[in-house]
Amino acid sequence: PLNLIYLCISLYIIVNKQKYCSYSRNKLLLISFDGFRWDYDQDVDTPNLDQLALDGVKAKYITPPMLTMTSPSHFTTITGRWVEDHEVVHNMMFNSTTNLKVPHKQTLTRSEWWDNGVLPLWITAQNQGLKTASFHYPGGGANYSGQSVNRVLVEESNHPDDNETEWRQNIDQVMSWFSEEDFHLVTLYYGEPDNVGHAKGPDHPDRKKIIQQIDRTIGYLREAMSRHHLNDRLNVIITSDHGMTTVKKRPQVDEIIIRDYLNLLKLTSFEILDYGGFGIVTPRPGREQEVFDALSNAPNLTVYKKSQIPESFHLGKSERLPPIVIIADLGFNLNSRLIVYVNKGDHGFHNGEMDMKTIFRAFGPDFKSNFLSEPFDSIHIYPLMCELLQIDPAPHNGSLVVTKNLLLQSGGSQRTRLSLALLPLSMLLMFTVL
Ligand SMILES: [Zn+2]
């Protein structure tokens, strides 16, 4: 029996040794470059991104959630929930009953659009004692169950997207939050290359220029990390929300004008069209089948009744989404009445299209180096971030199984939990023996 007691004591010590020897919690910076298509770095010279792939992890590409749009996709990344669960179902806040439509930037501080019972990572981390900040990241400016993010900067409506000097200042600011104020998690958002992708199209030379600017900024980030002595305690994830595709125009194709197929005035009471490849329509009472049939005849798009949206889209259970959803074929924009949409590039198309795929890069003390990952869904970034921060995740739709192979070792939080579970077990064993 004495041997057994010794065994239990040593087991307890071994388990706790692991606990105390496991790495201390490292900090996490999540950077999003809006609309960075997965292959944007392949036709441009990007020495800093190339070096990152050697020093860290690169996924071949990642798949955003269905609804390849800025706010819905960013919110999936920061919550680990599908769009039907977090209910941020558009960039524009809307109410199909009152016909309210709020432009994207003005939604950024409207909690009633973002706060639908799902807690984003900032709040979950804060509730477990961490300090978090959001720098221009979509959703950071809202309150969740009455709680706000510890430090928030919200992007102004007239904010310039492409000012390189400001990009560097933002990095300096974030680095001082980490090094001088001991923040654990910061999310940092940039509006490029989305802006130039819309305005000039993904194949324009200016898109290549902005990718080089992003590359220089990543070089600057790494210098700044060294300057602030953060290299061995800060993990960095660089990702994005969706890709970009060239808008098809005459004479190449006949553009979609919804009014040519559907009497909008007579059959519908609300719509958001004229917004890239994704459209929503509320039929007038009793007119749903007519709307569906009319749009079924329109070429170059697919129309869905909300109740018949494929489960794999993870959209159909949304209460907010109107009864009719339209997804245009790749490159076809949905125009309601006339073609006013002057964008040369757009998104919102099916997330299975390669042009909608986006990037994932990561480096830091907990990531493998020179590791090329197979593609995965962006929903799995959330449990990875929780693992890195050693916090218990809120309920989510992702899986750490998918992303933990990016890490050098499965993190300390699991080990801590294991040791805590084994403590009573070893005590019980000891008493049984006595
Ligand atoms: Zn976007």
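Five bridges join strand E14 to strand E15 (residues 324-328), and the two run antiparallel. Strands here are DSSP runs of E with at least two residues, helices are runs of H or I with at least four, and both are numbered from the N terminus. Two strands pair if DSSP finds at least two bridges between them.

Please keep in mind that this is a predicted model, in which local features need pLDDT of at least 70, side-chain atom pairs count only at pLDDT 80 or more, and totals for chains, interfaces and linings use all residues. Residues are numbered from 1 along each chain as its sequence is written.

E14 and E15 belong to an open sheet of four strands, ordered E12-E13-E15-E14 with antiparallel pairing. Strand E12 (268-272) and strand E14 (301-305) stand at the edges with a single partner strand each, so one side of each has no neighbour in the sheet. From one strand to the next, the twist averages 20°. Helix H12 (residues 288-296) lies across E12, strand E13 (278-283), E14 and E15, and runs at about 160° to E14. For such angles, axes are lines fitted to C-alpha atoms, for helices over the stretch in contact, and values run from 0 to 180 degrees between N-to-C directions.

Now to strand E6 (residues 132-135), where Thr132 and Ser134 point one way, Ala133 and Phe135 point the other way, and all are buried. Buried means 20 or more other C-beta atoms within 10 Å of the residue's own, exposed means 12 or fewer, and partly exposed lies in between, with C-beta atoms placed from the backbone.

| Partner of E6 | Bridges | A bridge pair |
|---|---|---|
| E8 (residues 185-190) | four | Thr132 and Leu185 |
| E7 (residues 151-153) | three | Ser134 and Val152 |

Elsewhere, Gln212 lies in helix H10 (residues 205-227). Is Gln212 buried or partly exposed? It is partly exposed, because 16 other C-beta atoms lie within 10 Å. Leaving aside neighbours within four places in sequence, Gln212 is in contact with Val44 and Thr46, where contact means C-beta atoms, placed from the backbone, within 7 Å. Gln212 and Asn48 are 164 residues apart in sequence and 9.3 Å apart in space, C-alpha to C-alpha.

For the chain overall, there are 15 helices and 20 strands, and 45% of the 434 residues count as buried. Among contacts with a separation of 6 or more, 75% come from residues 24 or more positions apart.

How values were computed: Contact = placed C-beta atoms within 7 Å.
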